[in-house]
Amino acid sequence: MGGGGGGTRSRGDERGVGPLLPEMQSGMTPPPGGSNGHHHRRQQVSAMESGGDAPGAAARRRFNWKAPAIVLVFELLESIAFSGVALNLVVYLATVLHGSTAFNAAHVDTWNGTTFIVPVIGAFLADSYWGKYRTILASIAFYLVGLVLLTVSAAVPSLRPGTACQMGASCAPATKTQFSVFFAALYLTSIGTGGVKSALLPFGAEQYDDDAERPERKQAFFSWFFAAINLGIFIAGTLISWLEQNVAWALGFGVGTACLLVAALAFVAGTPWYRVQMPTGSPLKDIIRVLVAAFRKRRVRLELEDGAAAPLHEDDDAKDEQQLARTKGLRCLDRAAVIVKGEAAAEGAWSLCTVSEVEGVKILVRMLPIWATCVLYAASLGQMTTTFIQQGMAMDARVGGRFKVPVASLVSVEVVFMLLWVALHDAAVIPLARRVTGRPGGLTQLQRMGVGRFLVVLALGTAALVERRRLRGVSAGGAAMSIVWQVPQFVLVAGSDVFCGIAQLEFFYGEAPAAMRSICSAFSFLALSLGFYVNSLVVTLVAAATGRPGWLAPDLNAGHLDYYFWLWTVISVANLLLYMVLAARYTPKQVAAAVEPATSD
């Protein structure tokens, strides 16, 4: 199923799919630094050996479908375990531990923010020291301990108050010890899921690095990884939530723990089929070196007196390292690679960098504005779990006259729409785009991210129109509006999430330098975390600016939630326009073409 892993390099295509990485024997140590004597970064591709292999035995791993299949199953089970905790956290705090409304909201927001910031730390460890495989294993240990402790805290009577409390009722809160045990378990779980989120996606994508002849396989992997996340959320939001609230919280948490245990065993069992890249140092040091060298050479000219380009340093001996081609723009950084003393060996590591190291920093600088628009996009998407739910609570939840739809269940239904969009995306949209554009990926990653941003504009506009119609019905004294009217906005949000969510995963992985793939992949989670805070800030400002009862009145019939939706529609339009400008000016990563050695006849 896969092509060979030879040492060829190909120029990055418009989708930014990662370049082909050479496979090396496990146990190989990197040779000394390049011609200027500074440390030469390598990413070794090591085949994890089975128990019967001798240590250090050479083993090449071609593409094997079992490796990414195990990763997808792992993500599905992990998503069930995580969502089984996250989706009902505020309910558990209120009904079991008897926390106050303000206390619960504050701690849930803090935990959510922490959970989506920890992946950045995990990504740094994965790219710099441990490698993705070991980072996942270490994170699983924290994860399992946290979930086991969480299950125990819900099962042991002395670790929780003796009586249940109804939502909104005033009950004696849990003791300090009971809260301490619960939050210790919760934050151990946060550490575990952070490490898994940062490393699992790039680890799975790297299994395709020797399958460059079929790039659509890697693109499909991102789609199904995204689908696995959301299928897990759906299962947790229906089955696990029902068990927790109707049978026993300990049983619901226990099922999530069992899911993660099965996932961990499957992941370890798949070790003989994995291709594993082992890092040898921190990419942060290389970034700082480029900035320092560029500052030191800020007065160096990039052209010689005769008009020729100044010589730039590249380590020609770095056969096993991804070499990047020089790109236009950000010329101030190019000075870090200019050889000013005639020979590269005459300059120190903090005065001279390679073209590839300079281009790696350029990539990060170019990605940051795109990432900033992801923060606002995440904030727009966040309306689905906040104001959309509040809107639904003011509507008639009965369907067919008898069946009453739980308002929050529309979030789970949105996951079903998302899975349908994934199937449509892979089965129709991308193949059609391939025929129209002639590109292997159909639409580029940036184009798909733009489609997602456009669809969220439509979703928010639709929500505003629905709310305006609902308020007019209330003013006229008519019957409550059916919750079915919310379905179109949830369908549009699902489509937006599919187009943009999948493309963002591919973009931050594919555009990243090889040594920083986990860190760049974690950008998506960081954007999601910051989107929560942006959403909270906008709510606070709107509440302060509109007074009482205001747009977001406790009684939505006395407020103007439609104005709030229009505000977010305008914000999303501005974000879309800014994104279109940035995407049009974006320079994609380019991988230097390999120079084939001359052969004698």
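# Reading the labels on a predicted model

Student: Where is the place of Phe532?

Tutor: Phe532 sits in helix 16. Keep in mind that the model is predicted.

Student: Why does Phe532 count as partly exposed?

Tutor: Phe532 has a relative accessibility of 36%. Buried requires under 20% and exposed requires over 50%. The value of 36% lies in between, so Phe532 is partly exposed.

Student: Which residues form the nonpolar patch on the surface, and what is their accessible area together?

Tutor: The patch consists of Ile117, Leu528, Phe532 and Tyr533, and together they have about 320 Å² of accessible area. A patch residue needs over 30% relative accessible area; Phe532, at 36%, passes that cut-off.

Student: Which helix gives the most to the nonpolar patch?

Tutor: Helix 16, residues 523-546, gives the most, with 3 residues.

Student: How many salt bridges does a search of the whole structure find?

Tutor: The search finds 8 salt bridges.

Student: What makes Lys362 and Asp334 a salt bridge?

Tutor: Their side chains meet at 2.8 Å, N to O. The cut-off is within 4 Å, so the pair qualifies. Lys362 belongs to helix 10 (residues 355-381) and Asp334 to helix 9 (residues 331-334), so the bridge ties together parts 28 residues apart in sequence. Both Lys362 and Asp334 are buried. Lys362 and Asp334 also belong to a network of salt bridges with Arg326 and Glu359.

Student: How do you know that the side chains of Glu506 and Arg448 meet in a salt bridge?

Tutor: The N to O distance is 2.5 Å, and within 4 Å is what the term asks for, so Glu506 and Arg448 form one. This pair links distant parts of the chain: Glu506 is in helix 14 (residues 487-510) and Arg448 in helix 13 (residues 445-475), 58 residues apart.

Student: Why is Glu506 called buried?

Tutor: Glu506 has a relative accessible area of 2%. Buried means under 20%, so the label applies to Glu506. Arg448, at 0%, counts as buried by the same cut-off.

Student: Where do Glu467 and Arg470 lie, and how many residues apart?

Tutor: Both are in helix 13, 3 residues apart, which is about one turn of the helix. Glu467 is at 0% relative accessibility and Arg470 is at 2%. Both values are under 20%, so Glu467 and Arg470 count as buried.

Student: How many disulfides does a search of the whole structure find?

Tutor: The search finds 0 disulfides. Take Cys500: the nearest cysteine sulfur is that of Cys374, 6.0 Å away. A disulfide needs the two sulfur atoms within 2.5 Å, so Cys500 is in no disulfide.

Student: Why is Cys500 called buried?

Tutor: The relative accessible area of Cys500 is 0%. That is under 20%, so Cys500 is buried. Cys353 also has 0% and is buried.

Student: What does the secondary structure of the protein chain come to?

Tutor: It comes to 17 helices and 4 strands. Of the 601 residues, 54% count as buried. The chain exposes about 26000 Å², with carbon and sulfur atoms supplying 65% of that area. Among contacts between residues at least 6 apart in sequence, 83% join residues at least 24 apart.

Note on methods
Residues numbered from 1 in each chain as written. Predicted model: local features only at pLDDT ≥ 70, side-chain atom pairs only at ≥ 80, totals over all residues. Heavy atoms only, no water. Patch = residues over 30% accessible without salt bridge, like charges linked within 9 Å, V, L, I, M, F, W, Y side chains within 5 Å. Areas by Shrake-Rupley, 256 points an atom, 1.4 Å probe, with all protein chains shown as cover. Helix = DSSP H or I, 4+ residues; strand = E, 2+ residues; numbered from the N terminus. Buried < 20%, exposed > 50% of the residue type's maximum accessible area, 1.4 Å probe, protein only. Contact = heavy atoms within 4.5 Å.
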